[in-house]
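Please examine the structure shown below. The paragraphs that follow proceed from a pair of strands to the sheet around them, and then to the nonpolar cores.

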Amino acid sequence: MKKFRKVLDGLTTSSPGGTIGSPSCGSAAGTPTAAPTPKEIDVQETLVSENFQLCKTVRHGFPYQPTALAFDPVQKILAIGSRSGGVRILGRPGVDCYCQHESGAAVLQLQFLINEGALVTACADDTLHLWNLRQRRPAVLHSLKFNRERITFCHLPFQSKWLYVGTERGNTHIVNIESFILSGYVIMWNKAIELSTKTHPGPVVHLSDSPKDEGKLLIGFEGGTIVQWDLRAKKADFRIYYDEAIHSVSWHHEGKQFMCSHSDGSLTLWNLRNTTKPFQVTFPHGKIQKDGRKESCKPILKVEYKTSRSSEPFVIFSGGLSYDKAGRRPALTIMHGKAITVLEMDHPIVEFMVLCETPYNNEVQEPYAVVVLLEKDLIVVDLTQSNYPVFENPYPMDIHESPVTCTAYFADCPPDIIPILYSIGAKHKKTGYSQKEWPVGGGTWTLGSHTYSEIIITGHADGSIKFWDASAFTLQMLYKLKTSKVFEKPKPGDGRAAEMGEDDPFAVQMVSWCPHSRIFCVVGISAHIILYRFSKYEANTQTVSLEVRLQCEPEDIITPSENENNPCFSEPTSHSPQTHYQHPVSPGSRTPDGAKDSVPSLKVKEKMVRVPPGYQSDLVIQLLWVDGEPPQQITSLDINSAYGLLAFGNCNGLAVVDYLQKTVILCISTLDLYGATDPYQRLTRSPRRNRQSTSGLTELTDNQQSIDMERSKSPTSDHVNGHCTSPTSQPCSAGKPRIPMGPEGPRLTRRGPGRPPFRKAQSAACMEISLPVSHTEESRENSFSRSRSSSVSSIDRDTKEAITTLQFGESYGRKHDALPTPCLWVGTSLGVVILIPLSIPTDHEERMEDPVTVGPSGAVLMLKGSVLRFAFLDCNGALIQSPYEVWRDLNAPEDPDRPRRRKLVHFSPSSSQDAFGEGHLAVVCSERQAKVFLMPSQSCLFVHNITESSFVLRADVVSLCNSVCLACFCANGHVMTLSLPSLRPLMDVNYLPLTDMRIARTFCFTNEGQALYLSSPTEIQRITYSQEMCDNLQEMLGELFTPIETPEAQNRGFLKGFFGGNAHTFDREELFGEAAAGKASRSLAQHIPGQGGVEGMKVAASGVVGDLARARIALDERGQRLGELEERTALMMTSAETFSKHAHELMLKCKDKKWYQF
């Protein structure tokens, strides 16, 4: 019998195979119901698998863990390499390209082929790569892997095709850029130094050709040796031995002297006339102490020596500060004449580069800016002004100003919302920037065909919210909101936040935003919710505070015998708090039970404050401490402006707030929410009386469906999907346990000996959740604090059923309802869906005075796994939008002729489907499966088991190509789309494995086939799953390369050219080519062809193709000229033949005549 039942269950839960005409039957409770016939639900689905393709589009933000910097002075584009092998190439706003090395090795150095549209990268795996930038998506054309030596430094002279490569062994190799093959010409370290030298000079740290003569190569070794090598004569011109280690070298443009930076904080200036000792030694930051000794200074890591026609030369360096000054920030020093300016930075300096007017190293450099790459920022300093202001950065490099804790993505927003947010946000912009144009202005970018408005919202650990304009693949900050201003600053000795172990008590956990009504809601880590309304006027406001006691109290639960069969709702109009839950505390009041009971975690500012235009706080809701235990974090939230209601839940229960009347209308535990319809038939038992029990705190019936559901749940269903996540971690050794303790007693942070191991369904990525975390910034990014994963495998989770998702909408609360009414759909971590009917006054005056009533819980539907998402379709398959209130400015001046009244927009399920009868479709997606129900009959039309081995992290119903589909992201990295309503699989791509919790916390889908996630702590990666957008992607991205004529070199004059040497007579091909230098050893380096793809190969060959085309044109022209010549020759031949014919006729005519006959 049991086997037969399993077979039946398998039949009732199987997918209909994508055919709409054969829907599967079966209600959520397991009893079959009459499903509608195909004639009743006849939706013409237009989406097919050909509409979908997954690809990355653009990456925003600051490159994470940067390592290298390069600049093309002609094309004016900037490249930044990172530790993970990524390369960001930036030009004018809109020109932003991300490339990734397949090896993932750190980028050590970048070298542009100036004005050639190419870039050379040297990586930590000792491989050189040549990138082609003449296409919108750069590709690797060639790679060269060194097998026996480690690359330490590269140098590519301007307009040269030979790249100098220095190695750790001290040797210098030469690579042909065109073929990416090593030359046989090698400068061995033992030839470069004197034979009498007994020690190895160290790795090559500098290579540069002399501005005076390109045939002379300056080689700097780390140990302090500098050699000028004559490339023609293959010998050293001079050798310099210095006691201090060398970090960098910089030439004077005339080529007669150069400057070195050293590890002792000194700068040495050397003159080529006398290389026995430095011409000048300076310690820019080393003061002479009282005993006559110099202060010990930090190494000067890099120096640049740049000349100017109109002023003294610039000497710019990083480092060199004295060791004595503790706590001093990293600095960039600018020495201009006798003036020394120290620019302190907020983060350590990774690299800097001086931007000059000319690409030629033998001309006066004329520096105009310095690009400074910091560990967490990119700044550009204006050198043309004496106070050295910075340029305003047009790129969104400050996404990570405070760690990002949540994201939201809105496509196709109302067109007026972006200008309004920008105009208000512009008033708070910083000033004092340079007035000059941003110097990195290369590339071209035009507005693509997709011009709809897009907004990205990021929530941060410090409680701030940022609104970004994300239209047309760009990102620009519109408006910043600080939620911490609503609260008093926590005192250092205040134990409430300290007891919770929160370093960031204002951290944003989730946001809810309605662009039409402009209502904005923020959920914070301290179990608080802030409701904001938008106004274009400043106002004096006092924020109203509500305090809710949402804590599971098993001793107070009323048995069914005391209150009929519905303890949750004794009467239909039971909207006031009952005895089974605690009364909400009135604003500002405290119970006399002591400091640790019935108090919120944060204190709201009570006095009247003046708030600027923008989002202004209207209501704060806080959960209270109970019996010395902090409140559980809020796991779900929904707000509806048309109803004026806000609902939220956590692992203890559900609360509904009327934000218009500022009252709590429902506050109930999850267990009481079921009433008599609890599918699990749980017997209430107080965990307090048996704290040591590790066995059944919840009794399940022998219902096979319930047992299967329990087995199918992922171990982290109510932690990842329920948003029980924290952006910050706390040290595990805090005074009190940082895991909030519910009434069932303390939960351990690690699995004890008496607890069963993780279930097999758990993915490897999720096993990281229960590991103890160290209190570092990276762990703050990747961890979930107060995660309840410690007891995920214990059955006591079932008593802590979390509310994982909520949705207001017009629906049918019961099977026999004739008309749709306002309802609240509630989804839990056990896969249960509960409908709660609402009675809301429709008249404006009545709505502000009469209470909203909550009816008894209606339908109960069930799925496998934690419920993630609800959506409603009409019987034509069109998405039913939630009703909303049209935005009105409450602070606007009163107009007697036009009184301000609420204007509501409703989308009724039965408004456009008279031919199909009343009703609508409800799409419910859990972490395991998706179901489509027909309301009000509650018949399950379609079921699709999304995954068996993993679980869904994010699911959204999105619009695409004038239709809708269900998009899912699983923990195993798969991105899937399903058709609606038939739930046919349309796309399944193994895209991105869940490497850390940041991705799970920030991944979100939106309309028009777009999605995003936080790819690193500092970067947002946007992707598309739309075939149309993938096809149009090339035209929507910016062009990195634009044809620009290379500036001509200045005329050096006859005397300078004669006496100063002529660098242009140096032929590198003659020296380094295979004919002269021979072939390099095959074992030294391996050439790897690039994988640039068809387009890459096309563009890669564009140079050759161009040459062939020019040759072909020349041949055509030559052929045309030859053809013309042939025609002329033919005419001459014809003319000659005619002449000959006439001459012959004349001869015949005249040969018999005598001379006197003429």
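In this predicted model, Ser261 has Leu267 of strand E20 as its bridge partner. Strand E19 (residues 257-262) and strand E20 (residues 267-271) are joined over 5 bridges and pair in the antiparallel sense. In general, the strands of a sheet pair through backbone hydrogen bonds, either parallel or antiparallel.

These strands belong to an open sheet of 4 strands, arranged in the order E18-E19-E20-E21 with antiparallel pairing. At its edges lie strand E18 (246-251) and strand E21 (280-282), each of which pairs on one side only. On average, neighbouring strands of this sheet are turned by 20° against each other, direction ignored.

Strand E20 also contains Thr268. Is this residue buried or exposed? Thr268 is buried, because its relative accessible area is 1%, under the 20% limit for burial. Among the residues that Thr268 touches beyond four places away in sequence are Tyr242, Phe258, Cys260, Pro278 and Val281.

In soluble globular proteins, nonpolar side chains tend to be buried together. The largest nonpolar core here has 31 residues, of which Ile455, Ile457, Phe467, Trp513, Phe520 and Tyr615 touch the most other members. Helix H3 (residues 417-426) supplies the largest share of this core, 5 residues. Leaving aside neighbours within four places in sequence, Phe467 is in contact with residues including Leu421, Ile456, Met477 and Tyr479. A second, separate core of 27 residues includes Leu645, Ile668, Leu673 and Phe808.

Conventions. Residues are numbered from 1 along each chain as its sequence is written. This is a predicted model: local features need pLDDT of at least 70, side-chain atom pairs count only at pLDDT 80 or more; totals for chains, interfaces and linings use all residues. Side-chain values use heavy atoms; hydrogens and water are left out. A nonpolar core is a set of buried Ala, Val, Leu, Ile, Met, Phe, Trp, Tyr and Cys residues joined through side-chain atoms within 4.5 Å. Buried means under 20% relative accessible area, exposed over 50%, partly exposed in between (1.4 Å probe, protein chains only). Helices (H or I, at least four residues) and strands (E, at least two) are DSSP runs, numbered from the N terminus. Contact means heavy atoms within 4.5 Å. Two strands pair if DSSP finds at least two bridges between them. Axes are lines fitted to C-alpha atoms, for helices over the stretch in contact, and angles run from 0 to 180 degrees between N-to-C directions.
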